[in-house]
Amino acid sequence: MLAEKTIPQADTPKSGQQVVNDFSITVATVNGSGSQTSNAAIVRSIFEMGIPVGGKNLFPSNIQGLPTWYTIRINKDGFLARCENHEIVVAMNQATFTQDLADVQPGGVFFYDDSIRAPITREDVVSYPMPVKKLIREREVPSNLRDYVANMVYVGVVAYILNIDMDKICSALTFQFKGKQKAIDMNYGMVTAAYEWAQANLTKQDPYRFEPMDKTAGFIMADGNTAAAIGTLYGGVQFVSWYPITPASSLAETYFDFVPMLRKDPETGKTTVVVIQAEDELAAIGMAVGAGWSGLRAMTSTSGPGISLMTEYVGLAYYAEVPVVIWDVQRVGPATGMPTRTAQGDVLLIAFASHGDTQHIMLFPGSVNECFEFGWKAFDLAERLQTPVFVLSDLDLGMNQWMTRPFEYPDQPMDRGKILWEEDIARLNGDWGRYRDVDGDGIPYRTLPGNRNPKSAWFARGTGHDENAKYTESPEVWERMLGRIKKKFDTACALVPKPVIETMDGAEIGIIAYGSTDDAVQEARNRLAASGIPTDYLRLKAYPFSPEIEEFIRNHARTYVVELNRDGQMQQLLTLEVPERAPDLIPLAHIDGLPLTATWIVTALTAKEVK
Amino acid sequence: MTDQVVTEPRGQVNLAGLTKTDYRGAPSTLCQGCGHNSIANQIIAACYEMNIVPENVVKFSGIGCSSKSPTYFLNRTFGFNGLHGRMPSLATGALFGDHTLKGIAVSGDGDTASIGMGQFKHIVRRNVPMMYIVENNGVYGLTKGQFSATAERGLALKHQGTNAYMPVDIALEALVSNATFVARSFAGDARQVKELIKAAIAHNGIAVLDIISPCVTFNNQDEAMHSYAWGKEHEVMLHDLSYVPPAQEIMVDYAEGEAIEVTLHDGARIILKKLDRTYDPTDRSAALRMLEEANRKQELLTGLIYINTQMPSLLDVYDLPETPLNRLSDSRLRPSRETLDDVNAMMV
């Protein structure tokens with residue numbers, strides 16, 4: 001497993017005591033060996049059995065050969081954050097075999113490929129050998145597919161020992177192979193053979209097992225990148241420019257499947273969204289800003305290094321007041337950092353991205369369902385406010401499989417903002433100015449290229465300009481224009497999604513968190529409450545901060561800000577908002593590249609509270 | 001689509017009912033005698049003569065002296081002055097807003113041949129339907145006289161010493177990136193500049209015009225290869241070029257076999273009247289050879305170097321509706337409620 005301190009969490013099961021639907025399974029494989037399909041089949045089967053489940057891929061920056069782990073959390077109470085404990089480990093990788101064995105929790109279970117020549121040195125775990133090579137030989141699998149199908153052996157053995165419903169595995173594979181019978185037969189045939197082998201040769205000696213429940217009704221399983229892309233399609237996105245980067249690529253790649261399904265023009269059958277792979281992030285943002293200026297719902301998706309490259313265009317879009325949506329699926333930086341690891345480290349970079357005075361709107365989806373919601377909502381905000389809107393997801397939310405509420409159809413009509421067409425300009429007798437604050441909300445009116453009224457055109461520029469978009473270096477005009485743009489930020493406070501606040505009786509302290517840490521925070525609060533530390537919880541969804549956030553901070557003796565970065569970036573932003581409460585805004589910031597666990601929060605917060 | 005608002009005719013009007021004043025821009029703030037000003041005037045003249053309605057055009061530029069010039073023509077036209085070297089991406093995105101608009105972009109050698117080289121290559125390779133003029137003077141004007149990447153090796157500039165590096169050749173770069181229209185001209189040759197602009201605007205694809213446009217303040221010494229004097233001395237015209245609009249009779253006078261005719265996608269024609277040599281601008285390898293040769297002989301070779309009218313433009317590649325994308329109603333952009341049930345059913 002990845003190097004980390006294992007903090008004991010649950011008691012070692014006593015002999016004879018059954019552990020039902022409350023443990024985690026970690027599968028250790030070699031990257032590129034095709035274990036994604038087998039792991040997904042296990043997760044989907046458990047979900048179909050009605051048991052709350054989540055899957056996280058902890059993978060290296062590598063195509064083939066380096067070790068990779070997939071952790072599956074099963075929890076009857078629905079707590080699905082990553083946890084440090086490894087009750088059950090499936091060892092398919094010779095290179096990490098010894099470490100994987102060492103990491104099994106006492107009383108845990110160790111499934112292993114019996115062709116790996118290494119001693120089983122633990123007597124406090126139950127171990128089950130799996131004759132992977134032998135079963136593959138017997139099934140006469142074509143040699144090019146052997147590595148992939150080999151993974152189906154552990155699916156079958158684990159299914160027998162832990163009681164996974166074989167029909168569910170069959171339907172999961174049918175789903176994954178999109179009904180292709182040959183692939184289904186080959187893979188499910190292997191699962192069945194392994195299951196039958198286990199039935200004939202293994203005796204169950206461990207206490208762990210699955211029992212069907214009804215806790216997944218009303219949920220779906222999805223990852224945040226897929227949800228985000230589909231959300232933007234329901235938001236009427238018209239232009240997507242992107243450049244490949246982990247962990248954001250799968251967001252843009254989702255369009256390949258869903259544009260043909262969702263975005264054929266009902267009137268002509270033509271496609272109503274342009275998706276274009278740019279030559280780099282400099283061009284991706286340039287294209288999106290151009291498209292946004294010409295009146296399209298335009299966006300780009302990237303990760304931290306891409307944000308760094310996009311910064312100058314973001315500043316131009318801010319000052320020229322061009323709507324554009326930028327998805328940042330965050331990973332660990334600075335520099336190339338750990339590209340396949342998760343983080344919330346771009347908050348401060350984005351809040352003030354670009355030179356000069358800038359301030360940007362940020363949305364923080366806290367669930368896969370919210371990735372969908374902010375997919376469409378971000379365009380309404382960007383076009384209403386005529387400014388860049390950032391959506392900050394992360395690798396954990398974006399690429400891992402989460403149980404989430406079904407996507408909900410937008411509950412508001414599209415807000416295209418203040419746009420003047422030919423007849424509007426005619427009605428105004430041509431008396432309009434691109435940057436006039438007519439309504440007092442700081443938001444001016446705009447016209448779009450293609451407007452044929454001779455009085456409609458204006459020249460967009462990054463140089464100093466007045467209310468009529470004319471070039472000027474007048475000191476008064478510069479200050480006035482920048483002041484008006486700042487007013488839009490105040491207007492935004494009332495438009496951005498409000499935070500979610502959850503309270504507990506007797507809570508004196510608060511927790512503020514955002515994004516992918518929600519599951520870990522909820523589980524931590526549960527455990528903290530059980531140990532006598534009740535907490536109130538505010539989950540941020542947006543920046544600028546709405547008034548509820550300041551109120552929450554004022555109403556608590558101390559507020560802990562939980563986040564996945566070194567410097568407590570959100571805590572710093574909050575401190576700017578409520579400087580007089582700075583001593584009581586305590587950062588609980590942590591960055592090791594892994595999804596946050598409840599245990600880390602409990603330990604860190606308890607250490608601060610109990611002194 | 002809404003009707004065109006026609007301005008009342010005043011004085012001499014073209015077929016669009018517009019006077020030359022309707023094509024003007026703000027007064028230039030560039031130096032007296034700058035080549036860029038004469039190019040701006042030729043853009044105005046070309047658009048007027050082609051009866052182009054200003055609202056049917058959209059202008060782009062990057063950063064530098066050249067990039068200021070879109071404000072000096074077509075006041076009634078939308079425009080965006082983008083970032084240094086990154087006008088191509090801006091234009092690529094913006095042209096999807098309304099596919100009926102013509103793109104006119106002005107850049108310079110500083111903007112295109114350094115930070116902009118990557119985006120230049122990619123807008124060329126995507127065949128974005130737009131005229132891309134590079135006002136090429138071999139020097140950075142706005143920052144007061146530093147070498148640009150197109151400055152010839154050995155050029156000496158005040159305070160800058162002598163340039164030690166080989167120059168970038170914009171026309172060659174365009175050609176090797178599979179441009180579908182490559183021309184070179186000289187700002188001192190107003191007629192050729194204007195005819196090439198017309199052909200470039202009519203071309204359905206990227207049209208790269210590398211126009212040597214002398215900087216009278218920082219790089220106009222007689223021996224400098226981007227000066228007026230050098231250009232006048234060394235210009236070698238490939239042909240005598242005329243643009244003939246669609247459905248108009250050819251008035252250019254030439255004998256049988258003395259001209260090559262290229263027909264554009266809208267029926268317009270470019271007539272290339274033979275001068276000293278016979279040159280076929282549809283032969284890409286001949287074009288490459290000839291540019292190499294001209295560089296070796298230190299000739300300022302001008303005219304239509306290469307044209308390919310067969311490649312689809314970027315906008316043709318996408319299967320978009322006839323209605324401009326930026327006029328599609330919400331109901332054509334947001335999928336129906338029923339479709340979401342199918343989507344959710346796929347998420348297990």
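**A chat about the two chains**

Mentor: Happy to! Let's start with burial in chain A: buried residues make up 62% of its 611 residues. Keep in mind that this is a predicted model.

Trainee: How many helices and strands are there in chain A?

Mentor: Chain A has 19 helices and 24 strands. Its radius of gyration is 27 Å, close to the 25 Å that the globule rule gives for 611 residues, so chain A is as compact as a globular protein of that length.

Trainee: And what does the C-alpha trace of chain A span along its principal axes?

Mentor: About 90 × 65 × 40 Å.

Trainee: What pLDDT does chain A average?

Mentor: The average is 95, and 97% of the residues score at least 70. Residues 1-11 of chain A are another matter, with a pLDDT below 50. That stretch still has 27 contacts in the model beyond near neighbours in sequence.

Trainee: Let's pick some residues. Where does A:Thr535 lie, and is A:Thr535 buried or exposed?

Mentor: A:Thr535 lies in strand β21 of chain A, which covers residues 535-540. With a relative accessibility of 0%, A:Thr535 counts as buried, because the cut-off for that is under 20%.

Trainee: Which residues does A:Thr535 touch?

Mentor: Leaving out residues up to four places away in sequence, A:Thr535 touches A:Thr503, A:Met504, A:Ala507, A:Ile509, A:Ile511, A:Arg525 and A:Leu528.

Trainee: And A:Ser115, where does that lie?

Mentor: In the loop between β6 (109-113) and β7 (126-130) of chain A. A:Ser115 counts as partly exposed, at 23% relative accessibility.

Trainee: How many residues separate A:Ser115 and A:His590 in sequence?

Mentor: They are 475 residues apart in sequence, and 39 Å apart in space from C-alpha to C-alpha.

Trainee: Now the backbone. Which residues does a cis peptide bond join?

Mentor: One such bond joins A:Tyr543 and A:Pro544, with omega about 10°. A:Pro544 sits in the loop between β22 (542-543) and α17 (547-554) of chain A. The peptide bond from A:Gly333 to A:Pro334 is cis as well, with omega near 10°. A:Pro334 is in the loop between β13 (324-332) and β14 (338-342).

Trainee: What is the phi of A:Ala335?

Mentor: It is positive, about 60°, although A:Ala335 is not a glycine. A:Ala335 is found in the loop between β13 and β14 too. A:Ala335 is exposed, with a relative accessible area of 67%.

Trainee: And A:Gln386, what is its phi?

Mentor: Near 50°, again a positive value in a residue other than glycine. A:Gln386 is found in the loop between α12 (368-385) and β16 (388-394). Here the relative accessible area is 0%, so A:Gln386 is buried.

Trainee: On to chain B. How many helices and strands does chain B have?

Mentor: Chain B has 11 helices and 15 strands. A compact globule with 348 residues would have a radius of gyration near 20 Å, and the 21 Å of chain B agrees with that. The C-alpha atoms of chain B fill a box of roughly 70 × 50 × 45 Å along the principal axes.

Trainee: How much of chain B is buried?

Mentor: Buried residues make up 58% of its 348 residues. Among contacts in chain B with a separation of 6 or more, residues 24 or more positions apart account for 70%.

Trainee: Last one: which residues are buried in helix α5 of chain B?

Mentor: In α5, residues 117-126, the buried ones are B:Met117, B:Gln119, B:Phe120, B:Ile123, B:Val124 and B:Arg126. B:Asn127 follows α5(B), and its phi is positive, near 55°.

Notes. Residues numbered from 1 in each chain as written. Chains lettered and ligands numbered in written order. Predicted model: local features only at pLDDT ≥ 70, side-chain atom pairs only at ≥ 80, totals over all residues. Heavy atoms only, no water. Helix = DSSP H or I, 4+ residues; strand = E, 2+ residues; numbered from the N terminus. Rg over C-alpha atoms; globule rule 2.2 N^0.38 Å. Buried < 20%, exposed > 50% of the residue type's maximum accessible area, 1.4 Å probe, protein only. pLDDT = per-residue confidence, 0-100. Contact = heavy atoms within 4.5 Å.
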